[in-house]
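We will visit a helix pair, a domain boundary and a chain-to-chain interface.

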Amino acid sequence: MALAKSAIVGVGATEQGEIPGQSADHLAVRAAALALADAGIDKSQIDGLVTCRPPMATGTIGTDEDIAQLLGINPAFASTLAYGAGAFSLHIAAGAIATGLCHTVLLTFGTNLRSAGASFGGGTRDWLNLAGLVHIAGPAAMAARRHMHLYGTTEEQLGWVSVAQREWAKDNPLAIFREPLSIADYMASPYVVEPLRRSDLTMISDGGAAVILTSAERAKDFKKAPVYLQSMAQQSALRSDQNPDKLMRPWIKDIADRLYAQAGLGPKDMDLVYLQDATSVWVLQMLEWYGFCGLGEAGPFLAEGHTRPGGSLPVNTNGGQLSECYMWNWMHLYEAVRQLRKECGPRQIKDVEVALHAQTHDFYKGAATILSTHAG
Amino acid sequence: MAEHKFPDVNDPALAPFWKGTKEGKLLIQACKKCGYLRWPPGPLCNECLSEESEWREVSPTGTLWSYAVYHRAMNPKFKDQIPYTVVLIELDDGPRMYGRLVKGAAKVEVGAPVRAVFQEIEPGVSFVNWEIVQA
């Protein structure tokens, strides 16, 4: 039996940034309402729900129980991922459609981490943290340092990740950081965890995002042009420090190989690239593992300006998590869909048909999808 | 309840490790069935799943795999210590472990040979920190 393919037929996003007085669930459901309107459907046409719990969620926040109750729906299929960041949730939803568990899935994510005053500093009770290796900036700095050691990558080359994304954010009204950032500004800014600076790290923000996924067959009946899921792949490295090379994350190449093979496409076929960027180092690594440049060549590749507006490879055209907002890759997906639907105004890229949407969960696992305006 | 500043050295899962550091020895859990050296410690072997294990003394030497220099305290606990350097060490005997580079170390470089320094941080508790071995 051939499994049914699926397509995104609606996306929604609230304002992003600081949204005091609104719970994570409230923001998720506001985004859901926007996604339903975007798809031109009523909530009664949803028979699947996939929700993503926000970082550090407590109690039932972000669960399908909370979200379905607030939305007032009784879906046939409902599921919640603790780490359901963009691509991981999308794949669960696609699986549910492919196996016939449901035909149209609403995916939601909401967070109020910023207003809640959250910190990613972590505890010091865990003996592993006794050395002071707290916050993702620490291991990310180690990964950057290792890349610099192995390949001669410079801090300035790495800086082009943040600078290019800030250039993209300029034309994105949703972006939190839109003020200009030059490479000189970057180099002049102090270290947070050397060799990383503030603009190498994501901010913490509030917001909601939602997506509606349906079978490719049904997709044609919706208001907007469908964005098809051409292929999906995941890989974990959950053994973490017991793996031969935790820092460089070579297993991302396994995702890329399977993803491209499934779609019959390669890196040259990608018109748009979305790489989740909790830190700039993730972009540096993923440019290489996804084959946009050779291993060890991401530094010069970035410095040549390929990923900047007007460059040969548009990367994170929303500004990414370094400039737009911290939404666990959901807003990369929102941007990818809207770029493929030609809805992005001044930052719209011409003639785009295929996008790569990739993410990683720290050093633990990754997921990626090829999105396309073509069903086949 | 306030957070513990120091590890619970009597936690059975780690007590032998802390007993070792007090005596200036680096002890790692080893599987008695397949010999796999596992770090971090756990109730069974991550390779063969045997529950039989022992603590084995390993060489307190290794190679600097990478490092990160904290210029800002990402957790208030470490406010008084910045700047400080966290290192990832590949032990000569295999496993990887994190630790703090001792202050005033020689030029820090990935790939440098390192040696454990057992530093008492409160009576009866010694941390494993690391220093660069001078050529």
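Let's start with two helices in chain A: α1(A) and α2(A) cross in a right-handed sense. Please keep in mind that this is a predicted model.

- The helices involved are α1 (residues 24-39) and α2 (residues 64-71) of chain A, and their axes lie 10 Å apart at an angle of about 55°.
- On the α1(A) side, the residues to look for are Asp25(A), Ala28(A), Val29(A) and Ala32(A).
- Facing them from α2(A) are Asp66(A), Ile67(A), Leu70(A) and Leu71(A).
- Sorted by class, this contact between α1(A) and α2(A) holds 6 nonpolar and 2 charged residues, with no polar ones.

**The two domains of chain A**

- Domain 1 of chain A covers 6-117 + 204-219, while domain 2 covers 133-203 + 230-376.
- Between the C-alpha centres of these two domains of chain A there are 23 Å.
- Where they meet, domain 1 of chain A brings 22 residues into contact with 25 residues of domain 2.
- On the domain 1 side, β1 (6-13), α3 (86-98) and β7 (207-215) of chain A each give two or more residues.
- Helix α3(A) provides the largest share of that side, with 6 residues.
- The domain 1 side is made up of 15 nonpolar residues, 6 polar residues and 1 charged residue.

**Where chain B meets chain A**

- Each chain puts 28 residues into this interface: 28 of chain B are in contact with 28 of chain A.
- On the chain B side, β4 (61-70), β5 (84-91) and β6 (96-101) each supply at least two residues.
- Strand β4(B) gives the most to the side of chain B that touches chain A, namely 5 residues.
- By class, the chain B side has 15 nonpolar, 8 polar and 5 charged residues.

**Strand pairing across the chains**

- Which strand of chain A pairs with β4(B)? It is β5 of chain A (residues 191-194), which runs antiparallel to β4(B) and joins it over 2 bridges.
- To find the pairing on screen, look for Val193(A), whose bridge partner in β4(B) is Tyr70(B).

Note on methods: Residues are numbered from 1 along each chain as its sequence is written. Chains are lettered from A and ligands numbered from 1 in the order in which they are written. This is a predicted model: local features need pLDDT of at least 70, side-chain atom pairs count only at pLDDT 80 or more; totals for chains, interfaces and linings use all residues. Two residues are in contact if their C-beta atoms, placed from the backbone, lie within 7 Å. Helices (H or I, at least four residues) and strands (E, at least two) are DSSP runs, numbered from the N terminus. Ala, Val, Leu, Ile, Met, Phe, Trp, Tyr, Cys and Pro count as nonpolar, Asp, Glu, Lys and Arg as charged, and the others, Gly among them, as polar. Two strands pair if DSSP finds at least two bridges between them. Axes are lines fitted to C-alpha atoms, for helices over the stretch in contact, and angles run from 0 to 180 degrees between N-to-C directions. A crossing is left-handed if the near helix is turned anticlockwise from the far one by less than a right angle, and right-handed if clockwise. Domain bounds come from an automatic or database domain assignment.
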